[in-house]
Amino acid sequence: MKKQIILMALLLMSLALSAVPVVAAQMRLFVADMSVTGVQNKDEMKTTLQTLFASRLTGGTVLAVGSAAEADAVVSGSYVSIGKVFSVDALAKTVGGKTLARAFVQGDNQDELIPAISTLAEKLLAELAKVPVTTEEKLLAELARVPDTVQPPRTPATGSEINPILNGELIKPQEVSRNDTGGWQSKRLAGAASLMAVGRTRADGSRELFLAETRRISYYRQGKEMALIAEGELAEPRKIISLDTLEDGVGNLDLYVTVIRAGELVSQIWQVNGDKLVQIADEQPYYFRAFSVAGGPKKLFAQTMGRGDADFFGDVSEATRSGKTITLKNHIKMPRYGNIYTFNQFRASDGALLTAVLSTDNYLIVYDENRKELWRSNDKFGGSELFFQRDDSDKMRTTGDQYRWIFMNQRIQVTPSGAVVVGKNDGFMVLGNARTYKTGAVYCFAWNGSTLDEKWHTRATQNYMPDYYFDAARNELLMLQTVQRSGMNERGASSLTIKKVE
Amino acid sequence: MNLKKTVAIAAAAGALAAVSVPAMAFDNEFHGMYRSFGYLTNALSGAGGFGLGTENAAGKKTASDSADKYFEQRARIQYIAKASDDLKLVTHFELDTKFGGSQSSGKYVPGAFTTTATTNPSANGDGGGLDTDKVSLETKNVYLDFNCPLTGTNVKIGAQPYSDSMFGLFGNFDAAGVVLSKKFNALSASYGYFTVGSSSTNGIGYDATGKGSNNYTQDFNTFDVKYALSKDLTLGASYYLLLDKVGTSTTGTGSNHTLGLNGAGKFGPLSFTAALGYQTGKSNTQTQTTSALSTTGGYTSLTTDATSAYAVALATKTAVGPGNLLLSGLYLTGDENGTGKNKSWQPIGNGVTYFMPSNMWLLVRNGATINSSTAVGGSSDITRGGRGITGLFAGYEGTADKLFYNGNIGWAQVAKARVSATTTAASKDLGYEFNATVGYKLYSNLTASATAAYLVLGDAYGKSTGLILPGGIHDASNPYLTNIQLNYTF
C-alpha cells in the first residue's frame, strides 16, 4: 500500500508538472538509418530517404531531432525496390524498444517516390496520434533519462565542449566526407543552358564563362558573382550542340560553336572582342571540340559528318584556323563508339596510349592502341538530354519518326596527372529518346593497369547536370545545373556550382 | 509445410529472381510511339478505304460526298533485351484503334468480318468500342540482332523491317528472313534472304509428290553495297532477286530481277538523294493476295513475257531563308495494256511502297499516316495497277522556335493510261494537291499539329466520261482532309 501511495504521488506530481508539455510539447522523433535493397547507389539512397523522411515528419506536434539520445521515439525504415515497384516501410519505437506505430507505402515507379515519402510520413503520424500516451510511459521515459547521480546544473557548452556526434546520427551533406571541399554557387541564371565553356582568367581574377542554350550564347564573367557581359543569338532553325573555347596565338579567345541546321553541320566561330561577341566565320562543315587529349595542352579538334547514317564521318583530326579556313592534320582513328565528343586518351604507367570512350549505352570503355577493348565499366556514366536530329525517312515507317535522334554525351576529360574525369546523370525517366535526368555527379578515375579505379566522385546534384568542366589549373570543378527546364514560353534557368577538389 | 510458409518461400524466391535481373547485365531498352489523328474528310473512312463522292445535278452534295469525322490512333512499343552490345533481341508491337471501334472492313478487324458481325458492336476488333478490351495487339517485329564474334558480321534473323535503297519504291516492309551486313571502312555491304510468300495449297509440309513447302515459296534475296567516296558523296548499288515458286505446277518459276543505283550527296546548301532502278525477268501471275508481285499488273502471261521496267527518283533539300526548300520527283514506267511485254514497274507487293519525300496526303500517301494510310484511288499501290506514275512535288518547311510548319504542292499522273479493246482511257492526270501543316513542339518528344490538304482531282479519276482509273467515279468531287495530330515518340 505504501508503494502504491508513493507511486500515485509520483504519478500525480509528474502529471502536474508535465500536464502542459504533454499536451502542447512536440514529440521528438529521430529518423535512423534506412535499409535500402534493390538499387545501385545505396549510400546516396539511404541518405536521401533519411533526409526526406525526417523533413516530412517534422511539423505540428512532431520534431525530427538529430540523435536518438534526444528523441522520444526512433523511426527506422526500409526501402525495397523490385523492378520498378518499390515499397517503403517505417517502424516507430520508443527509446525503450516498444513498438508504437508501423506504416508502409508502395509505388509503381520512381516518379512516385517523393510523394510516397510524404504519404508515409502522414500515415505514420496518424498512427502515432492513435497511440495513447500513458503517463506511466512518460514517467518511465523521464526516469530513464534521470541520471543515477545528481549532477550540477549544466552551463551552456562552448563549441569546443560539444561532444562529437556519433557517425550516422546526423544527416548532413555528403560533400563533407567526400573529396571536394568548399565551393561557390551562382545565383539563378536565366536560360536553361545545355553547354558550358571556360575561357581565360582575367587580370582581376575573374573567369570568362560561356553558356549556350539552343540558339543563344551567353558570355559571363565569374568573379564573386556571375556577370552577364554579352549575348549572341543564332538564326532559326539552327541548334547549338557544342561550345568550345581556345586562345589563338595572339591572345584572342575563339569560341567554336558547333551548329546543326536541318541535320547538316553549319558551325560558327566567334571571338571575344572586349565586352562583345563577334562572329568571325559561319557555315563550317565540322564538329568542333577544344580539349586536352591525354592531359596535354588544349587543342582544337574537328570531325566531319557523312551521308546516310554516317553521323560522324572519318577520323578525328587536329584542326588549326587561319582566318575562316580550317585545316586538318594529325588524324586519330576512333575505336568502336568513338567520336569527337565521346573519346579521350590517357597514358598508362607503361607509356601505352589508351583511349577511353563512352558507348551509346553509356558504359565507359577503355581500348588499347590497336583499338581493342581492354575494359568496360559495369556502371553507366555520361547521359545528356542534348541531341540533334537527322532525316531518317527510310525508317519512318518503323520508328514513326522522320528523324534519327543523336544524343550528345558527357565529355571525358583527362587531367595532366592522367586522371580520367567523366560526368554522370541519373534519372527516373530515361526511356529511348525520352530523357529526363534528375541528378548529376562527376567521377574521377585512375588507370591501375587493368581497370579504371574510382578516386572520387561528387555528391549528386539535385538537378540535371547538362555539362561540367574540371579546371585542372585551379583544381576546381564547375558543374552546370538545370534548375528549371525551358517551357512553352520560358527560357528556363541554370545555376553553376564550383567545387574545390583536393 | 504449411501454406503460409510455401507462399512466403515462393514470394522470397520471386523477389530474389526479380532483384537478380540487373545482375544478369541485361539492358532493357524501350522505344515506341503514340500518334492520334482527328480527321475531318470526305475521302478517308478510318477503315483503310479512300472514297470519292459526287455532287448531284444541282451541284449539291450527295451522301457519297459527305464529310466524315473520326479519331484514330496507333501505339507502338519496342522492347529490346540487350545482353551486350553484340547481342540483343528486338521485339516490336503495334496497337491500332479507331475511336468507337472498327467499321465493317479495314485492318482493325481480325479474321473474316461477316455481314452479321457488322451489325453487332461486339464484333469490333480494335478495342475502340465500349469497354475497349478487345484483342488488338499486332506483332510487328521479332528478331535477334547479333554480331558474329569471328567475322564481326552483323546478323539479323527473324521478322524484321527492311527497306530498299530506292526510297521504298520497290518495297519498304516487314518480313521474316536473315540479313547479314558488314562494314569495310568506307564500304558497307549487306545480303538478305526473306521468305515473303508461300502457296496457299502447298505452304506446309509435303505435296502429293513429296516436294516440300520450300518448293512453293517466294524467296526474296537482297544485295546492297554502299561506298562513301567522301563525307559529301555516297554511292550505292543494289540487286533484288525474287524467286517466285508459288505457281510452279502450272506456270513455272518466276524470277524478278531489280537492279538499282543510288546516291546521296551534298553540294553547298543542297543535299540530295537519288535512285535509279531497272527490272527484268519473268513474274508469275498470282492469286494469293498476300503474295509478292500479286497486284501490280493484272497480267495473264507474265511467265512467258519478260519484264522491262524503270524507276527514277530524286529528292532534294536546300537551305533557303529560315527553312528548307523541298523538291522531289519520281517516274515509274507503266504498261498500257497489260499484255505482251511487261513495262510496268513492279513493287514487291501492294501496300509496301512509299515515296516519303513527296510530302503529299491525298495524291501519294503520307509517311506520317497510320491506319488511314492510303491515297486517291483507294490503293497504297503507287503504280495504280501497273500504270506507273510521273510525279513532281515541291514544298517548304521551317521552324520558328517550337513552332514548325510546311506547305507543299504536288502533281502526278499515271505514266501510261490503260486502254481496253472497247474504251479509251479518260486521262492520265491524277491531279494537283495542295497541303499545309502547322505544329508546335509541346515537349521535345511531343508535337501537336494541324494539317489541311486538298486535291484538285484529275480526269483519270473523275472525268464524266471515258474509262477512269479503278477507285474513281465519274464526276467525282475533289477530295480533301483536315486533321489534328498528336505525336509522341521515344
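## Polar and charged pairs across the interface

Across the interface of chain A and chain B in this predicted model, the rule finds 24 residue pairs in polar contact, both residues being at pLDDT 80 or more (a pair of N or O atoms within 3.5 Å, where within protein one must be able to donate a hydrogen and the other to accept it, and where residues adjacent in sequence count only if both atoms are side-chain atoms). The rule also finds five salt bridges across this interface, a salt bridge being a side-chain nitrogen of Lys or Arg within 4 Å of a carboxyl oxygen of Asp or Glu. A:Lys380 forms a salt bridge with B:Asp27, and their closest N and O atoms are 3.4 Å apart.

## Extent of the interface

In contact (heavy atoms within 4.5 Å) are 41 residues of chain A and 60 residues of chain B. Between them the two chains bury about 3700 Å², 48% of it on carbon and sulfur atoms, where buried area is the accessible area (1.4 Å probe) that two parts lose on being put together, summed over both.

## A buried serine in chain B

B:Ser238 lies in strand β9 (residues 233-244) of chain B, strands being DSSP runs of E with at least two residues, numbered from the N terminus. With 5% relative accessibility, B:Ser238 counts as buried, that is, under 20% relative accessible area (1.4 Å probe, protein chains only). Beyond its neighbours within four places in sequence, B:Ser238 is in contact with residues including B:Met166, B:Phe223 and B:Thr258.

## Conventions

Residues are numbered from 1 along each chain as its sequence is written. Side-chain values use heavy atoms, with hydrogens and water left out.

Definitions and conventions. Chains are lettered from A and ligands numbered from 1 in the order in which they are written. This is a predicted model: local features need pLDDT of at least 70, side-chain atom pairs count only at pLDDT 80 or more; totals for chains, interfaces and linings use all residues. Helices (H or I, at least four residues) and strands (E, at least two) are DSSP runs, numbered from the N terminus. Buried means under 20% relative accessible area, exposed over 50%, partly exposed in between (1.4 Å probe, protein chains only).
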